[in-house]
Amino acid sequence: MSLRLSTVILPYLRWHEGGRSAWQRAEQLGFHTAFTYDHLSWRTFREGPWYGAVPTLTAAAGATDRLRLGTLVTSPNFRHPVTLAKELIALDDISGGRITLGIGAGGSGFDATTLLKSSEEPWTPRERADRFGEFVPLLDRLLTEDSVSYDGTFYSAREAYNIPGCVQRPRLPFAVAATGPRGLKLAAGYGQAWVTTGDPKLFETGRPEQSVQAIRGQVEKLTAACETVGRDVNELDKVLLTGFTPDRARPLESLDAFVDFAGRHMELGFTDIVIHWPVPDYPDFAADEKVFEHIAMEAVGQLG
């Protein structure tokens, strides 16, 4: 099994002041996919520049030729499946069929509160899971059927037409981010890939070996979820988004460090490792650019 190496380019750069060149450089370096976050704002970037994911990916599609593009991840926090489907079909067409939709249940950050009235409370984890459980199957239908009518608990569609559909058939691939039983079932049923960032409870005080063991347990749960729906777990790509395990930025300190880190996770069955494009002044993503490019160009060959 060979590893695919991808990157995440945070959408904080003006397009003509570093944004365009980052996406083009990602293609030149040979990354398999370049993703971006789909948030209204994120962490300490909230009071600074932060651009929309879909327009950014549309621009990236016009600036590149071979590089796959995608979100990591989109969520129901501020998206509706009907309007999202329309945008994705257009984006898949513009890119020539190079889009992957990373999708998850969403978190409790700014995305969860920005659209709320002052009297409303953010969704609980269970409520986010409930919506996610309805969002994914409806989006699947919207991207594969010419016309969809649906009346659900959280979402509705009345004769929602999506012609001609995706360039990729039967639709663009879903990379489903999940660690809980309901999300893993969605990954097993609808995903072409599964995404994890590891166990968030270990980020602050855990050790790398504990993280590997926790992720091994997640893979075992994914396998069980696939068995429940009658699917071979090997049909799913397995994607690790780095930067959120106890290792933090250490795997990007040298080529050897990254090869060691990636090798330990390949042994768990991971097919894809995603690293963050260097972000100056953001400690966990502030990799040395020369080392980062060395990893991009050499690591996959060493991992064989």
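The chain carries 31 positive and 39 negative side chains, and the centres of the two sets lie 3 Å apart. Lys and Arg count as positive and Asp and Glu as negative, with His and the chain ends left out; each charge is placed at NZ of Lys, CZ of Arg, CG of Asp or CD of Glu. The model is predicted, so local features need pLDDT of at least 70 and side-chain atom pairs pLDDT 80 or more, while totals for chains, interfaces and linings use all residues. Residues are numbered from 1 along each chain as its sequence is written, and side-chain values use heavy atoms, without hydrogens and water.

**Overall form**
- The chain contains 9 helices and 10 strands (DSSP runs of H or I, at least four residues, and of E, at least two, numbered from the N terminus).
- Its radius of gyration is 19 Å, close to the 19 Å that the globule rule gives for 304 residues, so the chain is as compact as a globular protein of that length (taken over C-alpha atoms; the rule is 2.2 Å times the number of residues to the power 0.38).

**Burial and contacts**
- Of the 304 residues, 51% are buried, meaning under 20% relative accessible area with a 1.4 Å probe, protein chains only.
- Among contacts (heavy atoms within 4.5 Å) between residues at least 6 apart in sequence, 75% join residues at least 24 apart.

**Strand pairing**
- Strand β7 (residues 174-177) runs parallel to β4 (residues 99-103), joined by 3 bridges; pairing requires at least two DSSP bridges.
- L101 has F174 of β7 as its bridge partner.
- β7 also pairs with β8 (residues 193-196) in the parallel sense over 3 bridges, and the partner of A177 in β8 is V195.

Methods: Buried < 20%, exposed > 50% of the residue type's maximum accessible area, 1.4 Å probe, protein only.
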